[in-house]
Amino acid sequence: QTVTIMDEVLSNYNATHEKKMNLVLFRDAVEHLVRVLRVIRLPLGHALLVGVGGSGKQSLARLASHTAHYEVFQISLSRGYGETEFREDLKTLYSILAVKNGGSPCTFLFTDAHVKDESFLEMINNMLSAGMVPALYAEDEKGPVLDAQRAEVTAQGLTANKETLWKHFLTKARKNLHIVLCMSPVGEALRNRCRNFPGLVNNTVIDWYFTWPETALKAVADKFMREENLPDEYRSSVIEHMVKVHISTLEYSKKFMLELRRNNTATPKNYLDYIQ
């Protein structure tokens with residue numbers, strides 16, 4: 001019943017978004033989806049999704065945000081993108097959170113591919129810990145931000161001075177901000193980042209995306225093979241063969257690591273490419 005409901009949610013997402021998602025919501029995927037949804041619905045709820053590339057972390061985070069009626073904000077890297085550009089994007093994010101139309105809940109989706117500079121993670125660490133990046137706004141930029149808070153502060157019977165307005169802005173922004181980090185556990189990068197920026201662990205709920213189970217592999221292969229013109233007596237055998245090839249690759253990757261001390265990661269993305 002839950003899977004059926006989530007299929008309807010996915011259909012609704014695809015009907016309302018230009019960039020559609022072709023997902024197979026098997027049981028494990030639904031469990032991750034509900035987990036992320038539960039986290040971002042919590043006050044100050046932030047999530048760290050850990051799994052190899054192609055596990056579905058970003059797609060499920062987007063679908064969970066759609067289910068919660070949150071806007072999704074994500075940076076777009078370009079040549080020359082650095083700390084200055086990242087700060088400007090964060091100002092846009094905080095405008096969504098607490099200025100534009102009175103502010104609204106928003107999911108800030110950030111992946112390890114966006115870490116063009118480690119200073120990005122330092123700023124995110126501050127956002128997770130304190131709700132704001134130090135010195136994000138220059139003094140002359142605070143005017144419009146504070147003016148947007150004046151009506152609400154006055155309605156609460158408070159004195160609308162600079163300090164009160166800024167405190168109200170920070171409180172509202174922190175309440176509406178939900179950071180979802182999508183990271184890969186491969187290599188030493190995640191370990192070092194969690195050690196250097198403790199807010200990534202201390203202020204998030206961690207959700208691990210493990211290898212897809214055999215039932216999930218079958219469900220995915222079955223969906224993508226439905227439109228193929230195959231004889232019915234061979235269809236199930238072809239699907240089982242695809243699953244067996246991927247599972248054997250995982251098993252031999254472990255053997256490869258033990259015998260030759262070299263790492264090979266067979267990701268769900270590899271499986272989808274193989275099916276294609």
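## Close-up views of a predicted chain

View 1. Thr 249 sits in helix 12; helices here are DSSP runs of H or I with at least four residues, strands are runs of E with at least two, and both are numbered from the N terminus. With 32% relative accessibility, Thr 249 counts as partly exposed. Thr 265 is 16 residues away from Thr 249 in sequence, and their C-alpha atoms are 9.0 Å apart. A word on the model itself: it is predicted, so local features need pLDDT of at least 70 and side-chain atom pairs count only at pLDDT 80 or more, while totals for chains, interfaces and linings use all residues. Residues are numbered from 1 along each chain as its sequence is written, and side-chain values use heavy atoms, with hydrogens and water left out.

**View 2. The whole chain, before zooming in again.** The chain has 13 helices and five strands. Its C-alpha atoms fill a box of roughly 75 × 45 × 35 Å along the principal axes. Of its 276 residues, 41% count as buried. Take the contacts (heavy atoms within 4.5 Å) that have a separation of 6 or more: 74% of them come from residues 24 or more positions apart.

**View 3. The largest nonpolar core.** A nonpolar core is a set of buried Ala, Val, Leu, Ile, Met, Phe, Trp, Tyr and Cys residues joined through side-chain atoms within 4.5 Å. The largest one here has 40 residues, and Phe 86, Tyr 94, Phe 108 and Phe 110 have the most contacts inside it. Elements giving two or more residues to this core include strand 1 (47-51), strand 3 (106-111), helix 8 (162-176) and strand 4 (177-183). Which helix gives the most to this core? Helix 4 does, with seven residues. In soluble globular proteins, nonpolar side chains tend to be buried together.

**View 4. Around Phe 86.** Skip the neighbours within four places in sequence, and Phe 86 is in contact with Ile 75, Tyr 81, Phe 108, Phe 110, Phe 120, Met 123 and Ile 124. There is also a second, separate core of 39 residues, which includes Leu 23, Leu 25, Leu 49 and Ala 61.

**View 5. Helix 4 against helix 5.** These two helices pack at an angle of about 25 degrees, with axes 10 Å apart. Axes are lines fitted to C-alpha atoms, for helices over the stretch in contact, and angles run from 0 to 180 degrees between N-to-C directions. Helix 4 is therefore roughly parallel to helix 5, since angles under 35 degrees get that name, those over 145 are roughly antiparallel, 65 to 115 is roughly perpendicular and the rest are oblique. On the helix 4 side are Glu 83, Phe 86, Arg 87, Leu 90, Leu 93 and Tyr 94, which meet Ser 119, Phe 120, Met 123, Ile 124 and Met 127 of helix 5. Sorted by class, that contact has eight nonpolar, one polar and two charged residues. Here Ala, Val, Leu, Ile, Met, Phe, Trp, Tyr, Cys and Pro count as nonpolar, Asp, Glu, Lys and Arg as charged, and the others, Gly among them, as polar.

**View 6. Helix 2 against helix 3.** The axes of helix 2 (residues 27-40) and helix 3 (residues 57-67) come within 9 Å and cross at roughly 55 degrees, which means helix 2 is oblique to helix 3. Helix 2 makes the contact through Ala 29, His 32, Leu 33, Val 36, Leu 37 and Ile 40, and helix 3 through Leu 60, Ala 61, Leu 63, Ala 64, Ser 65 and Thr 67. By class that is nine nonpolar, three polar and no charged residues. Buried residues in helix 3 include Lys 57 and His 66. After helix 3 comes His 69, with a positive phi near 65 degrees.

**View 7. Two loop residues with positive phi.** Asn 101, in the loop between helix 4 and strand 3, has a phi near 55 degrees, positive in a residue other than glycine. Is Asn 101 buried or exposed? Asn 101 counts as exposed because its relative accessibility is 76%. Arg 261 lies in the loop between helix 12 (232-260) and helix 13 (268-275). Arg 261 is not a glycine either, yet its phi is positive at about 55 degrees.

Key: Buried means under 20% relative accessible area, exposed over 50%, partly exposed in between (1.4 Å probe, protein chains only).
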